[in-house]
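Here is a quick tour for anyone opening this structure for the first time. Take a look at it, then read on.

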Amino acid sequence: MASPSVQDLLPPSLDSTSQPPSLFDGTTRLYINYQCPYSQRVWITRNVKGLQDMIKLVPIDLQNRPDWYKENVYPKNKVPSLEHNNKVTGESLVLVKYVDCNFEGPSFLPDDQEKRKFAEELIAYSDTTFVPEVYRSFAKDARTLAGAQFDYLEKALHKFDDGPFFLGQFSQVDIIYAPFVERFHVFMPEGFNYDITTGRPKLAKWTEEMNNLDGYKQTKVLEQEKMIEYYKNRFLPKA
C-alpha cells in the first residue's frame, strides 16, 4: 500500500506557558503527545490517509500541561483527542475508526466479512490483553509471558496470505498494534536481551513492511535512548 509521503513540519509541544489555539474556529485539530503510543495510533491514521493539511497536529507536553487543555478542550486531560465539528472526542481506538470513517482517503477496514470480523477480534484484544500483558510481564518472566503475546501476533499474521499485514492488506489493525510493537521491539533487547522477532518470521516481515510506510515512519519515536531509559526506570527493578 502506498501511503502519502507528505512530510510534516512537527510543531513544538505546548506547555503551561503556551497560549491556546483559537478553539472551535472550524479548524480540525488532533491533540497528541509525541512520546505517547495511544496518540501515535491516530497520528498514523491521519498520515496514511493523507490528511496532513486537513487535521492539524497540536502536541501537548504531558509533563507540564497547559491548564486550558483540561478546562477548555478535553476535561479528561488525556491525549489523544480530536477537535472536529465543534466537539472534542477522545480515546485512541475510537479515534482511529472516527478518522478512518469521517475523512477522505483510502479506507482501512476491508469489505470482506471474514476479515472485518477478525479485525474486530484483534482490535479488541489489543488493549484488553496484548498491551497490559506485555507490560505486566516486565515485572515477572518477560520472555515467557510477553513471548506468548508475540506468538499470538505471529499466529494472527498467518491467517491471511494476500499480503504481509494482519488482514493481508494494511488496515486499522496494523495501526493499532504498531506503536506498541515498535516500543517493545526497541526496549526488550535492552531490558531483557530478547528480540521479539526471533523465531517469528511473519512478525519480522510485518515490522519491516511497517517501517516502509512513510505515514508511519514520520510518527516513530525519535529519541529511542530516552524511551529505553524511561522504560528501564519505570519497569525494571532498581539495582
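## How confident is the model?

The protein has an average pLDDT of 95, and 97% of its residues score at least 70. Residues 1-5 are another story, with a pLDDT below 50. Even so, that stretch makes 15 contacts in the model beyond its near neighbours in sequence. Keep in mind that everything here comes from a predicted model.

## Rings meeting rings

How many aromatic pairs does the count come to? The count is 28. Take Phe138 and Phe184: their ring centres are 6.0 Å apart and their planes sit at 85 degrees, so this pair is edge-to-face. The pair ties together distant parts of the chain, as the two residues are 46 residues apart. Phe138 is in the loop between helix H4 (113-137) and helix H5 (142-156), while Phe184 belongs to helix H6 (residues 172-192).

Are these two buried or exposed? Phe138 has 3% relative accessibility, so it counts as buried. Phe184 comes in at 0%, so Phe184 counts as buried too. Another edge-to-face pair is made by Phe187 and Phe192, with 5.8 Å from centre to centre and 85 degrees between the planes. Phe187 is buried at 0% relative accessibility, and Phe192 is buried with a relative accessible area of 19%, since the cut-off for buried is under 20%.

## Charges over rings

The charged end of Lys115 sits over the ring of Phe160, 5.2 Å from the ring's centre. Likewise, Lys159 places its charged end over the ring of Phe118, 5.2 Å from the centre of that ring.

## An arginine tucked away

Now for Arg46, which you'll find in helix H1 (residues 37-48). Its relative accessible area is 2%, so Arg46 is buried. What is Arg46 in contact with, leaving aside neighbours within four places in sequence? The list is Asp8, Leu30, Leu51, Gln52, Ile55, Leu57 and Val99.

## A hairpin to finish

Strand S3 (residues 81-84) and strand S4 (residues 87-90) run antiparallel, joined by 4 bridges. Within this pairing, Glu83 has Val88 in S4 as its bridge partner. The hairpin of S3 and S4 has 2 residues between the strands, and Asn85 takes a positive phi near 55 degrees there.

Notes. Residues are numbered from 1 along each chain as its sequence is written. This is a predicted model: local features need pLDDT of at least 70, side-chain atom pairs count only at pLDDT 80 or more; totals for chains, interfaces and linings use all residues. Side-chain values use heavy atoms; hydrogens and water are left out. Rings of Phe, Tyr and Trp (its six-membered ring) pair if their centres lie within 6.5 Å; planes under 30 degrees apart count as stacked, over 60 as edge-to-face and the rest as tilted. Buried means under 20% relative accessible area, exposed over 50%, partly exposed in between (1.4 Å probe, protein chains only). A charge sits over a ring if NZ of Lys or CZ of Arg is within 6 Å of the ring centre and within 35 degrees of the ring normal. pLDDT is the predictor's confidence in each residue, from 0 to 100. Contact means heavy atoms within 4.5 Å. Two strands pair if DSSP finds at least two bridges between them.
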